[in-house]
Amino acid sequence: MRETETVGGTELMQISPVQRTTPVRLHLSREKGFDLQAVSRATNDLPAIAVTRIQGGWGNFLCVGDPGRIWIDRGMHHGLRVKIEANLKVPVTPGVSVAAHRAWLTDTAASSPSLGVAWGIPGWRLLNPKVQTVIERELWLLRQDAHLFRPALRNHNVACSCDLNEPCHGDTLLEFFND
Ligand SMILES: [Zn+2]
C-alpha cells in the first residue's frame, strides 16, 4: 500500500512497512536446471516447499489413475522403510483425489474404524481388512505429522507438478499452512 503525505512542501511517499504477500501455488517443472527457490523468490519473495510424492511427506497419498492407487512413504521408522503401495480396484479422478486428501487432512469428525470411508477413498471396502488397517494407521500418523509441521510452512509457496489450472492438493495445503 502506498500513501503520499506532504510535509513542509515536500511530498513524501510512504510504503507500508507490512507488505503482505500471499503464498501461491507454483508449477514444479521437471526440466533440468529448474530452480524452484529462485522461481519462488522471483514470484513473491517467499520460499517454496515441493509437495509432490517424489519430494517427500506432503504428496497426495491417493494417486489418480484407472485403477487408482494409494501410495505412502513415511521414510525410515525404527530401522524400517515404511512404504505402502496399494492398488484400488476402481478409478480415481483428480477431483476425487483432491477431495479425499482434503478430508484426510482437515476432517476432524473422521473416526475409526472407518477412516477410509470417512475420507472418501474410492473402492475402500474392496480392500483386504488387514491392508485397510495398515493404511489407516499410516495415514493417521502421516496426518499427525502434517499437523505438527504445519506452523513451519506458513508463508511458503507450494509447488507441485500439476498444471496450475488442474485440481491439486497443493491448494489445500496452501490453505492449511496459512489458515
Ligand atoms: Zn498437484
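Val158 touches Pro23, Arg25, Ala48, Ile49, Val51, Gly170, Leu173 and Leu174, leaving aside neighbours within four places in sequence. Contact here is C-beta atoms, placed from the backbone, within 7 Å. The model is predicted: local features need pLDDT of at least 70, side-chain atom pairs count only at pLDDT 80 or more, and totals for chains, interfaces and linings use all residues. Residues are numbered from 1 along each chain as its sequence is written.

**Nonpolar cores**
- The largest nonpolar core has 16 residues, and Ala48, Ile49, Val51, Val158, Ala159, Cys160 and Leu173 touch the most other members.
- S4, S8 and helix H5 (169-178) each give two or more residues to this core.
- Another core, of 14 residues, lies apart from it and includes Leu62, Val92, Ala100 and Leu139.
- A nonpolar core is a set of buried Ala, Val, Leu, Ile, Met, Phe, Trp, Tyr and Cys residues joined through C-beta atoms within 7 Å.
- Buried means 20 or more other C-beta atoms within 10 Å of a residue's own, exposed means 12 or fewer, and partly exposed is in between; C-beta atoms are placed from the backbone.

**Backbone features in loops**
- Asp45 is not a glycine, yet has a positive phi of about 65 degrees.
- Asp45 sits in the loop between helix H1 (36-44) and strand S4 (48-50), and is exposed, with 10 C-beta neighbours inside 10 Å.
- Asn155, also not a glycine, has a positive phi near 60 degrees.
- Asn155 is in the loop between helix H4 (129-149) and strand S8 (157-160), and is partly exposed, with 13 other C-beta atoms within 10 Å.
- Asp66 and Pro67 are joined by a cis peptide bond, with omega about 0 degrees.
- Pro67 falls in the loop between strand S5 (62-63) and strand S6 (69-77).
- Helices (H or I, at least four residues) and strands (E, at least two) are DSSP runs, numbered from the N terminus.

Key: Contact = placed C-beta atoms within 7 Å.
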